[in-house]
Amino acid sequence: MAKPFRIKTSSLQVRIFLSMIFLTIISSVLIAMVIIYQFKKEARNYHQDRLLRKENAVNEHVNFILQTTDYLTTTENLPLIFKDKIFELSTIHNIQINIYDLKGNLLITSKGNFVVDKIDNEVISPTILKIIETTSTKRFTDLRIIDGVTYRSAYNYIKDNQFKPLGIISMPIAEETSFYDTQVNSFLILFGQVYIFIIFLAIVLAYVLSSYITKTIQLISEHIQKTNINQRNEKIKVENVSDEIKTLINSYNEMVDKLEESAEKLSQNQREMAWREMAKQVAHEIKNPLTPMKLTVQSFQRKFNPEDPKSIEKMKGFCETMVQQIDTMSAVASAFSNFASMPAQQNTTLNVVKVIQLALEIFNEDFIRFEAAEKEIIATFDQAQIIRIINNLVKNAIQAIPNYEPFPRILVKVERKNSDVLITISDNGTGISDDIKDKIFEPKFTTKTSGMGLGLAMIKNMIEAYGGTISFDTVLDKGTTFYVKLPISN
């Protein structure tokens, strides 16, 4: 029989459990990353919009100043025009203002009120000038990060009434991120608390779900391990399972049905084959004495002379020969009958020690010795079957000792082993060779020149019917010991 397939359910449950926890952690981390990214994006948009609003407001104010000034609106007069107004612009709009000529040189600044020392305000780089000049909007927003602080500077043209560029105005501003940092920190704290709760909940749910998933698989695994062609296998009956598990269970139940059908067919074929082989053996054993009987009858018929003075003596010899051969056939038939229909157990409470002593009394060999560890071992057995077991094993032991053995020895021992009675039959015979050890208890197997080889098979059936065991140890040319273990309580 093939080795049963074993599903490592605990390992599967751990993998499902860890997978669910891992997915929960990954999803939570991704959610946190997306939310933090969204916070930062909103912060960037806020500062961009804030700078744009201030820029538009300052530009309108600048245009108003240019329209109401008494000075000629030229690049050279810009410092004069905004000499007093630039501080007013800075204060009203709460932003530092720098005014440059068209080549990027600083003309006037409100740095006295709003100082952004980290940014070089003395000159505009040619790159920025080129961008302002070439873009359609004629403006540019410069973004710099200095010492971890983000600075935004908006650049655009100052134009006269004919929309001719007079100069360039710059409005640098340091981004205030404390509000958003506070918001992010508050979010992370709240998210961490929720995250811990989610992780705890995920652990509980993962354990429950993994246990639910693997419980059915464990049940299927246990049934698969117990599946045996030599027994009636129980089907799996489980409700409220997934379609995949249900399909697996249905497949197993169908396999059990097919296995029972196969086992029944196999058992029937084995029985038929065994009986055919037994019938052949019986026919062979019965046929063996028929041939000498036929020859004896033919010879007696040909040579018999009623007037012979020794005719009565010859008749007597003929009859004895016939009776002997008939007895042989009768023994064959009896052996087959006994094996084919084992008699029912007639159990009684008895002293096993006395029963074994009684069984040994029919043997006349003086080299048979009996030992008992106790005077009484009370058990429930069929006395006739116990005697048949002892007689068969002792008879085999006697026949295993060769005639040339100067000191034949057979020892029969009985003792109590926990809740069993152990019967040991030892001899110093020829032993059992390795090539026939596995065939000793097979029906019709024998190493003798006569008999059907059913003795050990029958007593093995008797012993196993009691829930006992029979085994042996053997050493070639030194002897064999049979061990019969029977439960005291049946």
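Predicted model: local features only at pLDDT ≥ 70, side-chain atom pairs only at ≥ 80, totals over all residues.
Lysine 460 is partly exposed, with 22% relative accessible area (buried means under 20%, exposed over 50% and partly exposed in between, with a 1.4 Å probe and protein chains only). Its side chain meets that of glutamate 464 in a salt bridge, at 2.5 Å from N to O (a salt bridge being a side-chain nitrogen of Lys or Arg within 4 Å of a carboxyl oxygen of Asp or Glu). Because lysine 460 and glutamate 464 are four residues apart in helix H10 (residues 455-465), about one helical turn separates them. Glutamate 464 is partly exposed too, at 41%.

Residues are numbered from 1 along each chain as its sequence is written, and side-chain values use heavy atoms, leaving out hydrogens and water.

The structure holds six salt bridges. Another of them joins glutamate 88 to lysine 85, with the closest N and O atoms 3.8 Å apart; these two residues lie three apart in helix H3 (residues 85-93), about one helical turn. Glutamate 88 is partly exposed at 34%, and lysine 85 is partly exposed at 35%. Lysine 437 and aspartate 434 also form a salt bridge, at 3.1 Å; here lysine 437 is partly exposed at 30%, whereas aspartate 434 is exposed at 62%.

In the protein there are 10 helices and 12 strands (DSSP runs numbered from the N terminus, helices being H or I of at least four residues and strands E of at least two). Five strands form an open antiparallel sheet in the order S2-S1-S5-S4-S3, where two strands pair if DSSP finds at least two bridges between them. At the edges are S2 (106-109) and S3 (139-146), each pairing on one side only. Strand S1 (residues 98-100) and strand S5 (residues 165-174) are joined by three bridges, and isoleucine 99 has isoleucine 169 of S5 as its bridge partner. Helix H4 (residues 126-134) packs on the sheet and touches S3, S4 (149-159) and S5 (contact means heavy atoms within 4.5 Å). The direction of H4 makes about 150° with that of S3 (axes are lines fitted to C-alpha atoms, for helices over the stretch in contact, with angles from 0 to 180 degrees between N-to-C directions).

Across the 490 residues of the protein, 35% count as buried.
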